[in-house]
Every structure is written in structure tokens, then in C-alpha cells.
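Please go through the model below with the text beside it. The paragraphs start from a contact list and move on to cores, strands and charged pairs.

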Amino acid sequence: MSQVTSAELAKHSSQESMWIAVNGEVYNVTEFAADHPGGVEVLEDVAGRDATPEFNEVGHSEYALETMQTLRVGSLKGAVKSGLESTKFNTNSSPEDTPMKPKEENDNNLLGITLAALAVALGVYLIRS
């Protein structure tokens, strides 16, 4: 896998090419975005940048974190990797358990909740493919 600079990551911030960085790793979520349970707009909000704080705020299942690896592009150059071991795990979560609120109601929590749902939806997407 290659190293991705912050400048290169920033080029991928649209629906046509959407990358995010999480814990020092870069993921191409372009094709997955349409299946994201929180909607494509949530990923658009963090596309092209390091989304680690938002992603790590929310618990993720080990399975969701494993399936993210299929979308991995490379490592974010210069990033301090905290690794998946520092990510909170919620092994009892499902898409139905994740409370989703309209963007207007709670901008601060919606992003974190949706990123958690991203991990769950990745599993669903990969199972369907």
C-alpha cells in the first residue's frame, strides 16, 4: 500500500471521489457512500480529511473494522497512527441500534453516529457484493 499525503487526500472530497483518513489509514468510500445508512452527506462532511476524532467517538464492531480494510488505499503520510486497538468496540451493535437524527436536530452527534453506522454498513455492502 502506498503513502497518501494530506494534499492528495484533500483532492478526494466529492461524491465522485471520496476518501477519508481514520487512525492514520486512508479509505476510499466512494462506492460505499450510496449505501451509507446516514446518507452520503455525512461522508461528504469528512471526505478529503482526517476523520479520526469523529470516527473514534463512536463504538464499532470488530467485524466492521475488519471490513473497512477492503476499502483501504494506504497510509496517511505523517499521521500518528493510534491503530484499531484504541478504537472503542461495540460488538452488540446493529444498524437498528444506531439512533439516527436529522442533521438539523443534532449536527454535533450526527457525524459521529453516522461514521459508526459506516462500519456496520460496510459489512452489509460487502455481504451483498
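Leaving aside neighbours within four places in sequence, Leu118 is in contact (heavy atoms within 4.5 Å) with Ile20, Phe32, His36 and Leu43. This is a predicted model, in which local features need pLDDT of at least 70 and side-chain atom pairs count only at pLDDT 80 or more, while totals for chains, interfaces and linings use all residues. Residues are numbered from 1 along each chain as its sequence is written, and side-chain values use heavy atoms, with hydrogens and water left out.

Leu118 is also one of the residues that touch the most other members of the largest nonpolar core, a set of 19; the others are Ile20, Tyr27, Val29, Phe32, Leu43 and Leu115. Such a core is a set of buried Ala, Val, Leu, Ile, Met, Phe, Trp, Tyr and Cys residues joined through side-chain atoms within 4.5 Å. Buried means under 20% relative accessible area, exposed over 50%, and partly exposed in between (1.4 Å probe, protein chains only). At least two core residues come from each of S3, helix H2 (40-46), helix H4 (62-68) and helix H5 (107-128), and H5 gives the largest share, four residues. Helices (H or I, at least four residues) and strands (E, at least two) are DSSP runs, numbered from the N terminus.

Another core, of seven residues, lies apart from this one and includes Leu9, Ala21, Val26 and Leu76. Leu9 sits in helix H1 (residues 6-10) and is buried, because its relative accessibility is 2%.

The strands come next. S3 (residues 17-22) and S4 (residues 25-28) run antiparallel and are joined by four bridges; two strands pair if DSSP finds at least two bridges between them. Two residues separate S3 and S4 in a hairpin, and Asn23 in the turn has a positive phi of about 50 degrees. S4 is also joined, by three bridges, to the antiparallel strand S5 (residues 72-76). Tyr27 stands opposite Ile20 and has Arg72 as its bridge partner in S5.

Arg72 also forms a salt bridge (a side-chain nitrogen of Lys or Arg within 4 Å of a carboxyl oxygen of Asp or Glu). Its partner is Glu25, with the closest N and O atoms 2.4 Å apart. Arg72 lies in S5 and Glu25 in S4, so the pair ties together parts that are 47 residues apart in sequence. Glu25 is buried at 12%, whereas Arg72 is partly exposed at 21%. The whole structure holds three salt bridges, including Glu54 with Arg49 at 2.9 Å, N to O.
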